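Before you set up any calculation on this complex, please go through the points below with the coordinates open.

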Amino acid sequence: MLKKAKPGHWRYLALAPLLLLLNGCAKHSAWWIFNPQGVGAKASYDYMMIDVVVMLSIVGITALLIVWFMWKYHKGKNRGSYDGKWEHSNKLEVAFWGIPIAAVAFLSWAVAVHGSFAVNPYNPTVITQHMKPKGDPIDIDVIATDWQWLFIYPQFHNMAVANELVVPAHTPVFFKLTSTAVTTDFFVPQLVGMIDVMPGMRTKDALESSHLGTYQGIAADYCGAGMSWMLFKTHVVSMADFQHWAKGVESSPNTMDYAQFNRFAEPYINVHNKTPVYGHVEKGLFNHLLLEVMNGKKWPLPMFMTENMFHYLKLQAAEHRA
Amino acid sequence: MLVNLPGPWSPLLGRLALSEIPYTNPILAPLFVIIVLAGIALVVGITYYGKWGYLWKEWFTTVDHKKLGIMYIILGLIMLFRGFIDGLMMRTQQMLAVGSGHNGMPLMGAIHGYLAPFHFGQIYSAHGLIMILLAATPLLVGIMNIIVPLQIGARDMAYPYLNALGLWITAAAVFLIMISLFVGDFSHNGWFGYAPIFELAYSPGVGVDYWIWTLELVALGTTLGSINFLATVVKMRAPGVTWTRLPVFTWTAVSANIIALTSFPCLQVALALVGADRYLGTHFFTAGFGGNLMLYTNLFWLWGHPEVYFVILPAFGMISEVIPTFSEKPIFGYITMVLASFAIAGVSWIVWLHHFFTMGMGPYVSTEFSVATMLVGIPTGVKVFNWTFTMYRGRLTFSSAMIWSIGALFLLLIGGLTGMMLSIPAINYMVHNSVFVVAHFHMMLLCIVYAVFSAIIFWFPKVFGFKLNEAWGKIMFWLFSAGTFLVFFPMFMLGFMGETRRLDWPFNLQWAPWFDIQEVGIAVYVLSVLAFLWLIYVSIRDRAENRVGADAWGTSRSLEWITDSPVPFYNFAMVPHVNHRDEAAWRREHGFSDKRPEKFAAIHMPNNTPVAIVIGALTFVIGFGLTWRIWWLTVAALVLTVLVMIYRSGKGDPGYIITAEEMEKMDRESRQKMDDGHAPLPKGGGYTGGTVTAYSAEVGDPGSQSTPPGNSRPLS
Amino acid sequence: MSSAHEKPVDPDQVVLWSDDYEGHDVISTRTFGFWMYILSDGMLFATLFAAYGVLSYSHSYYTGPTPAQFVAPWYTFIQTMALFLSVLAYGFSMAAMKTGSKAGVINGIVASMVLGAVFIGLDIHDVLRMISMGVTPEVSGGLSAFYALTQVHAAHIFVGLIWMLVMLYQILKKGFTEDVVGRLISLRMFWQFQAVMWVFIYVFVYLWGYMS
């Protein structure tokens with residue numbers, strides 16, 4: 001298996017989006033940050049552009065100035081006059097302090113202050129200020145384990161799905177997040193920015209999107225050996241499709257109580273990208289876990305379990321978990 | 001009170017067992033054999049040439065700040081190479097592993113690429129820790145060690161013995177992290193560690209313990225060094241070196257060491273508390289039992305961010321010495337340059353939260369730290385403008401030292417641009433923990449590396465008496481820059497494509513071409529490493545042709561350039577009286593460059609001591625004993641350390657006296673040696689005053705041969 | 001600074017070498033360096049105080065005891081007095097040094113050591129008492145921070161006692177040499193600084209803990 005089963009030259013076609021970058025992005029661009037599909041991600045993108053334009057104008061001019069001086073005052077080229085005494089100018093000093101101060105002042109007001117409130121994960125005004133009267137927001141409880149995600153829908157019969165997130169379009173979705181293992185980070189690059197997911201603690205996040213599609217979700221902070229496989233696809237679907245999907249999940253005979261969660265939370269590397277659904281999850285599981293972890297409950301790692309992935313996957317398979 | 005370990009433990013060997021040595025690992029086992037063979041060859045070689053006595057007397061027991069500085073730099077360069085190899089392995093892993101499908105090497109236990117996650121984790125953790133604390137820090141401390149006393153006209157640091165102690169404790173940290181390659185394993189939690197994954201429940205091996213004690217040792221060594229630097233600059237300045245005549249590099253050394261002195265204790269405490277959690281079962285950073293895992297992150301970055309400026313400020317200082325020298329002008333805006341350094345040092349204390357905007361601390365706190373972070377951009381911007389306008393109306397010589405410094409400027413600009421993006425929470429949420437951040441801080445750290453190479457080329461002739469090869473210095477610059485571009489431009493792009501950090505399996509095939517480009521960049525970096533080795537070789541081979549006088553560049557400015565090259569062990573035959581901030585340029589301008597002292601006085605010099613290296617070795621043993629929980633060894637080494645310190649304190653160091661006559665003789669010989677050796681002087685003007693039209697004489701112009709405009713004395 | 005080189009320079013008047021430079025003052029340099037160490041030690045305590053501050057909310061004690069249930073401020077007040085008197089005794093010893101009285105210095109340091117040992121003894125006794133009550137650092141984050149702060153301070157005091165012992169030997173062996181005097185001054189700074197830190201610990205950990 002030493003040989004890479006990877007396609008050949010055609011993969012360089014993936015560089016093509018670089019061209020598209022110049023004139024707007026394609027619908028399913030590889031440039032996730034430049035191609036925001038969620039309200040929050042879009043706001044972040046806009047702020048980024050303001051910041052880059054302001055800073056690039058200063059940095060760019062400075063870079064050009066350096067290059068120009070390098071050319072002009074090159075010794076022996078006789079392009080500029082030499083003044084070996086010139087080491088101070090009040091006017092220039094004022095400008096040198098003034099320009100960055102002005103830039104920082106502008107960016108602080110226009111981007112830092114506004115942006116912090118606009119995409120504040122706990123209460124993003126870009127979503128909450130224009131919350132549509134039709135359609136209540138959806139709550140989702142997110143529980144990160146070593147190394148899986150569990151998404152619980154309290155308004156939908158407490159159904160849950162692991163390692164896959166389905167949300168309706170045009171509807172604000174509010175997350176409560178916690179972890180039963182270690183700290184990690186919830187991130188869907190095209191929809192919503194990162195928020196830490198910590199054991200024994202509850203963080204919040206919110207997303208809204210009007211673009212149907214499937215977006216990649218990532219565990220963005222190092223949380224152990226299974227992190228790279230701790231992925232979840234996020235499907236933004238129409239409300240009708242969502243209702244239909246929810247019906248299907250709710251009717252699943254598969255359920256989860258605390259004892260079953262205990263087994264679910266044991267370290268598991270999701271290499272096969274399994275997305276089990278649970279028609280019903282014990283009520284209050286989220287808060288119960290929060291308390292349990294604060295009381296010192298742990299699902300510790302066996303020593304050196306991941307030193308050899310093959311070995312570990314065999315072990316996982318032997319336990320009928322893979 | 002000690003916690004129960006999830007593994008075997010014996011009183012004699014602690015957790016150490018034969019199985020901890022990875023002799024089956026197809027990468028580490030051959031590497032181990034190679035290192036052992038190389039070590040044997042080195043020992044045999046030194047024994048064959050009978051150099052042990054020389055090494056022991058001249059280097060291992062020395063308290064001379066220049067030799068200690070050289071050893072710091074060698075240590076730093078070796079670790080820079082080790083860190084680079086880690087980087088190479090990471091890049092190769094991501095290139096091989098990217099995309100779905102079976103591309104793993106079962107031999108290595110990996111299902112994607114050739115490294116299992118646990119192994120990959122150790123590599124990037126070691127890479128980060130090594131590059132910041134065991135490569136950048138020793139390189140900068142080494143250069144400060146050599147140059148700061150020379151720039152203020154001192155004979156040595158304030159506490160020469162403490163200086164040696166700092167070096168050997170840092171060396172102990174280096175040995176500890178190197179031994180973790182072959183005995184047990186290293187931490188996989190990143191160089192800064194995450195709570196609570198470094199707790200025993202989630203990291204049951206010794207890796208995190210290696211990490212703790214390596215960091216503690218570096219922190220100790222660096223704190224000792226910073227006390228020494230501050231005392232040296234405050235107390236040891238030669239007459240005439242007023243605060244406004246301190247060269248900018250020395251000022252940045254002062255500001256940097258104030259940061260180090262005050263911030264490293266935070267790191268020491270943070271790690272000691274992690275140690276307490278792991279060894280004593282306390283609950284500082286656990287999720288349960290009332291612990292607070294966010295406390296760790298705060299404490300760590302409370303040190304971590306000032307540390308960033310601790311390493312960047314001396315680099316700024318180096319650029320501030322190199323650019324004026326090769327612009328033949330004083331630095332533009334000296335006062336604001338110094339103020340900016342201290343502004344950066346001050347602001348560095350109030351920005352640490354931007355390392356974890358994503359922790360969800362609310363918009364008010366986020367905004368506050370966002371604005372504070374942007375404030376750093378103001379003095380940094382001022383510095384860049386000042387360097388730019390130092391070149392304005394100058395006469396620029398693009399020597400290899402100069403182009404490294406200018407390269408550093410450009411990296412700083414890119415790093416600054418991206419830094420201003422990251423400082424804003426709204427943007428930060430999208431790129432935090434992504435490789436965009438990684439690319440950003442590599443710009444900043446490479447800015448330091450560029451400045452360090454610039455400084456090494458710039459001050460090499462001062463320390464060794466001959467210049468490094470200019471052509472190979474430039475070849476290395478271009479190779480290194482090509483490597484930098486090829487590795488980090490794709491990394492920025494990958495950040496925009498949403499790739500997060502520390503993925504040992506990058507799942508998205510669309511990233512693949514960029515990984516390939518990065519791998520090419522790594523190959524170019526390898527060439528630049530070879531170019532560096534060749535640069536050293538050629539320079540030593542041709543040293544006879546590249547000998548220099550006191551003023552090696554002909555346009556040098558600060559005080560260190562008035563003493564002989566190589567600097568004699570006593571630094572200055574007579575302590576200079578300083579008349580100007582740019583003393584060497586001032587003396588050159590007024591025709592005093594040839595003046596030697598007429599009368600001499602007896603001087604007092606410290607003796608060499610083996611105590612420092614012994615304590616260094618003992619601290620290594622303490623670190624190793626703690627890592628493996630070999631209590632008897634730890635306690636024994638600790639008690640021995642205290643006893644050795646008491647012994648040294650009782651014995652004291654009377655030092656020795658060099659009489660005025662001996663001094664005069666040595667000064668004559670030193671001058672004779674320098675004059676005999678050096679080849680035609682470099683041409684150049686370099687005046688502190690007087691407006692003259694652009695000087696256009698080319699190197700080798702016979703007209704300027706008769707009256708060397710800048711450089712020192714006539715050939716005797 | 002441009003004015004400096006505007007002035008004409010007379011080659012016969014200019015001073016290039018410091019012929020009468022005496023070199024730096026060893027004791028003042030040593031003292032300055034030790035001040036720098038004290039600053040870093042201050043940061044060490046500041047960090048521990050920060051940790052204690054963060055870990056002294058009621059939930060930090062988990063279900064275990066809070067300081068109000070186990071600290072004994074009057075008992076600790078005796079410790080405080082012992083340490084203050086120790087500093088005072090060390091002050092007398094330093095005053096005796098000014099008159100060159102070896103006996104005075106030694107008596108002062110011995111008294112200071114005895115009082116310091118009383119402090120340590122009481123501390124150990126107090127810790128044993130608390131452990132027997134089940135108040136151990138493993139119980140909760142709050143107790144971990146409590147022990148870290150108080151025992152790191154105790155460790156400093158212990159180091160100070162060893163230092164005093166060494167200094168006694170050196171005074172007897174060498175008398176008041178430059179090295180010995182410099183170390184005695186550093187030790188004074190160290191000892192006073194530990195007493196100052198103890199004031200903070202006593203107020204914020206013991207008194208405040210008792211009252212809250």
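**Notes on the predicted model**

1. Read along the sequence, chain C follows the pattern α-α-α-α-α-α, and its secondary structure comes to 6 helices and 0 strands, where helices (H or I, at least four residues) and strands (E, at least two) are DSSP runs numbered from the N terminus. The radius of gyration of chain C, taken over C-alpha atoms, is 24 Å, well over the 17 Å that the globule rule (2.2 Å times the number of residues to the power 0.38) gives for 212 residues, so chain C is more spread out than a compact globule.

2. On provenance, this is a predicted model, in which local features need pLDDT of at least 70 and side-chain atom pairs count only at pLDDT 80 or more, while totals for chains, interfaces and linings use all residues. Residues are numbered from 1 along each chain as its sequence is written, and chains are lettered from A and ligands numbered from 1 in the order in which they are written.

3. The C-alpha trace of chain C spans about 80 × 50 × 25 Å along its principal axes. Buried residues (20 or more other C-beta atoms within 10 Å of their own, with C-beta atoms placed from the backbone) make up 36% of the 212 residues in chain C. Among contacts in chain C (C-beta atoms, placed from the backbone, within 7 Å) between residues at least 6 apart in sequence, 81% join residues at least 24 apart.

4. Between chains B and C, the contact takes 51 residues from chain B and 42 residues from chain C. On the side of chain B that touches chain C, helix H6 (207-235), helix H7 (248-280), H8 and helix H18 (631-651) of chain B each supply at least two residues, and the largest share, 9 residues, comes from H7(B). The residues of that side divide into 28 nonpolar, 19 polar and 4 charged, with Ala, Val, Leu, Ile, Met, Phe, Trp, Tyr, Cys and Pro counted as nonpolar, Asp, Glu, Lys and Arg as charged, and the others, Gly among them, as polar.

5. Between chains A and B, 106 residues of chain B are in contact with 107 residues of chain A. H10(B) gives the most to the side of chain B that touches chain A, with 17 residues, and by class that side has 62 nonpolar, 37 polar and 7 charged residues.

6. Chain B is divided into domain 1 (51-547) and domain 2 (551-609 + 653-716), with bounds that come from an automatic or database domain assignment. Their centres, taken over C-alpha atoms, are separated by 33 Å, and the contact takes 40 residues from domain 1 of chain B and 39 residues from domain 2 of chain B.

7. Not counting residues up to four places away in sequence, Ile143(B) touches residues including Met318(B), Val452(B) and Trp459(B).

8. In chain A, 6 strands form an open sheet in the order E8-E5-E1-E2-E3-E12, with mixed pairing, where two strands pair if DSSP finds at least two bridges between them. Strand E8 (203-207) and strand E12 (277-278) of chain A stand at the edges, each with a single partner strand, so one side of each is left without a neighbour in the sheet. Strand E1 (residues 138-144) and strand E2 (residues 149-153) of chain A pair in the antiparallel sense over 4 bridges, and Val142(A) has Phe151(A) in E2(A) as its bridge partner.

Notes. Contact = placed C-beta atoms within 7 Å. Buried ≥ 20, exposed ≤ 12 C-beta atoms within 10 Å, placed from the backbone.
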